[in-house]
Amino acid sequence: MNPSPTSRRTFLQQLAVVSALSLARHGRALGAEPETGGPLRTSMDRAAKCCLAWLNPDAEWLPTGGYEIAHDTGRWWDAMLRYEAATRVLLSEQAEAAMMKNLHTLTDNPAALLMNTARLPGPAEKIKVNPHNLRETMLAYTALVRHRKSDWAWAQGRKLLQAIEGTLEADGQMDYQKLAALAGGPLTADPLMIQRSPAGEWFNATATTGRALEAIVWFHGATGDPLALKLAHRLAEVHLRQAIDPSGEVRAELRDPSHVGHTHSYCGTLRGLLLYGLAGGGKRYIDAVAATYRRGLVGAVISHSGWTPHDQGKSRFHGPEGDPVGEHASCGDVAQLALWLALPGGQADLLDDVERLIRARLLPSQIVDEKQPRRDGAWGVYAHPFGYGAILDVFAAVLHSLADFHEHIVTTTPDGAVSVNLHFDAETPAVKVTSTRNAEATLAILPKKSCDLRIRVPAWATRESVQLSIAGKQGPLTWDGAFLTLSRKDVVEGIPVALEYDLPLKETQEEMPVSHRKFRLSWRGDEVVSCSPKVPIYPDIKG
């Protein structure tokens, strides 16, 4: 199937974290008090400040000290402009000017690929052509087109599309040496990035073109560029064939302990396939990712509390007990897959997964350390299964995910019907939502206008505990799947609506794959309140 540009752009306009307000460039400076608080928004603000703290004034304001300057520059642009669009908190002119200058220099090559260069500070040994950066480069261009209406970024993005198209072989593998020759530098030697197979045999390109698919679909949504549509279609077909097992399990080749893989890139490939399907590419892509999510990811790639290993297949990086190190970006990826499957995909039960992964892993594992600005607000790669980490490419990826969650707390249909999907604080032109949790949970909704209203109720909340009130008086419990519904005659401007439900207690156990260490988690609703043995991110919560 080769879907129409119109159908694709309609979905992307709904899904993208973008608004006319962000394009108008008005709002508040980073550090000003937000209009609404709550844990999700506070986490986003802290992460955005950390992104700024990673810009090194002694090295041309480059983001130094992470995985790779070029790679991290792309992540930085994507995260910061998504954050700005979601919150209306403006990126400072100084930071923008410095990072725009750096982006121009780092992509000043015939492939328009983010690549370290001797013209800027940085380790000489990292001046390599790295096809891992295809995604990050295209994400940066897309962000600038969407949020800055940048003609330069549009032209650069098209140049990169041409480079990708010109280096793809008949079976969908990329000729990495040809890409290096085009970009004008030596090719990276990292085995994750340059895997090749004989023509016609299975190959894994999730770390390169697979993860880039998502960004290409986003770029088409922002520009309508027909080459992006053509290339997305080709790559989606390739990676549906190479990365997906029809059973829904993770492909055996990817799980092979001798095969070098990367969980975040694999999840990124799934994101691209799902986004392509939702944007009009066809139901088979949505169904394939949904089956992989439910049978392959949950319990195998990600634990109930959100632990995800950095490596897929061969374990290259280990903690002191021998277990694979974890990293937080893949947890954000899985939660975003659940979000997209739930809302445009119609599988609303997965909203419980989204909120659980945010509350049980992403929020508690964010570093809070005001004395160290480059750590304060970070996530990263972590050795302890319930530990902390701080590296820019990971926490920028998490900020990208949080911005998407923030924009989908409340959604509104074209006819004005409002849906409260996640139980975090938010404010839109239609409603103000405040979530509080003590012995029980309360979701307070203040309508700003009369509207049809849908309120998600977590599946784990006992039904007999669910109470809905309007202006303090008991309201009707009219169910539509996971949602309670109210008609516009019951939802009046300024008259509060409140949902109350219990936070039942439960215990789960998670076992690490190599050391077989066991951790017993105590839950209250979808939050972890303690762990035995004690772990860094879950201090015992009283009350």
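**Exercise 1. State how the charged end of Lys126 is placed relative to the ring of Tyr67, and which residue lies over the face of Trp218.**

Solution. The criterion comes first: a charge sits over a ring if NZ of Lys or CZ of Arg is within 6 Å of the ring centre and within 35 degrees of the ring normal. By this criterion the charged end of Lys126 sits over the ring of Tyr67, at 5.9 Å from its centre. For Trp218, the residue over the ring face is Arg82, at 4.9 Å from the ring centre. The model used here is predicted, so local features need pLDDT of at least 70 and side-chain atom pairs count only at pLDDT 80 or more, whereas totals for chains, interfaces and linings use all residues. Residues are numbered from 1 along each chain as its sequence is written, and side-chain values use heavy atoms, with hydrogens and water left out.

**Exercise 2. Determine how many aromatic pairs there are, and classify the pair of Tyr141 and Trp152.**

Solution. A pair of aromatic rings is described by the distance of the centres and the angle of the planes. Rings of Phe, Tyr and Trp (its six-membered ring) pair if their centres lie within 6.5 Å, and planes under 30 degrees apart count as stacked, over 60 as edge-to-face and the rest as tilted. This rule gives a count of 8 aromatic pairs. For Tyr141 and Trp152 the ring centres are 5.8 Å apart and the planes stand at 80 degrees, so the pair is edge-to-face. Last comes accessibility, for which buried means under 20% relative accessible area, exposed over 50%, and partly exposed in between (1.4 Å probe, protein chains only). Tyr141 is buried, with a relative accessible area of 0%, whereas Trp152, with 24%, is partly exposed.

**Exercise 3. Classify the pair of Trp460 and Tyr501, and say which residues are linked with Phe386 into a cluster.**

Solution. The rings of Trp460 and Tyr501 have centres 5.9 Å apart and planes at 65 degrees, so this pair, too, is edge-to-face. Because Trp460 lies in the loop between strand 14 (453-456) and strand 15 (467-470), while Tyr501 lies in strand 19 (residues 497-502), the pair ties together parts that are 41 residues apart in sequence. Trp460 is partly exposed, with a relative accessible area of 23%, and Tyr501 is buried at 2%. As for Phe386, ring pairs link this residue with Phe519 and Tyr538 into a cluster.

**Exercise 4. Give the strand order of the open sheet of 5 strands, and follow the pairing of strand 18 within the sheet.**

Solution. The order is 9-10-14-18-17, with mixed pairing; two strands pair if DSSP finds at least two bridges between them. Strand 9 (410-412) and strand 17 stand at the edges with a single partner strand each, so one side of each is left without a neighbour in the sheet. Strand 18 (residues 483-486) pairs with strand 14 in the antiparallel sense over 4 bridges, and in this pairing Ile455 stands opposite Leu484. Strand 18 also pairs antiparallel with strand 17 (residues 479-480), over 2 bridges, where Leu484 is the bridge partner of Trp479. Strands 17 and 18 form a hairpin with 2 residues between them, and Gly481 in the turn has a positive phi of about 65 degrees.

**Exercise 5. Describe the open sheet of 6 strands by its order and pairing.**

Solution. The strands follow the order 11-12-13-19-15-16, and the pairing is antiparallel. At the edges are strand 11 (426-427) and strand 16 (473-474), each of which pairs on one side only. Within the sheet, strand 12 (residues 431-437) and strand 13 (residues 440-447) run antiparallel and are joined by 7 bridges, with Leu446 in strand 13 as the bridge partner of Lys432.

**Exercise 6. Decide whether His71 is buried or exposed, and how many residues of helix 12 are buried.**

Solution. His71 has its place in helix 4 (residues 69-87) and counts as buried at 1% relative accessibility. The C-alpha atoms of His71 and Asn130 are separated by 8.7 Å, although the two residues are 59 residues apart along the chain. In helix 12 (residues 263-281), 19 of its 19 residues are buried, and the helix is followed by Gly282, whose phi is positive, near 130 degrees.
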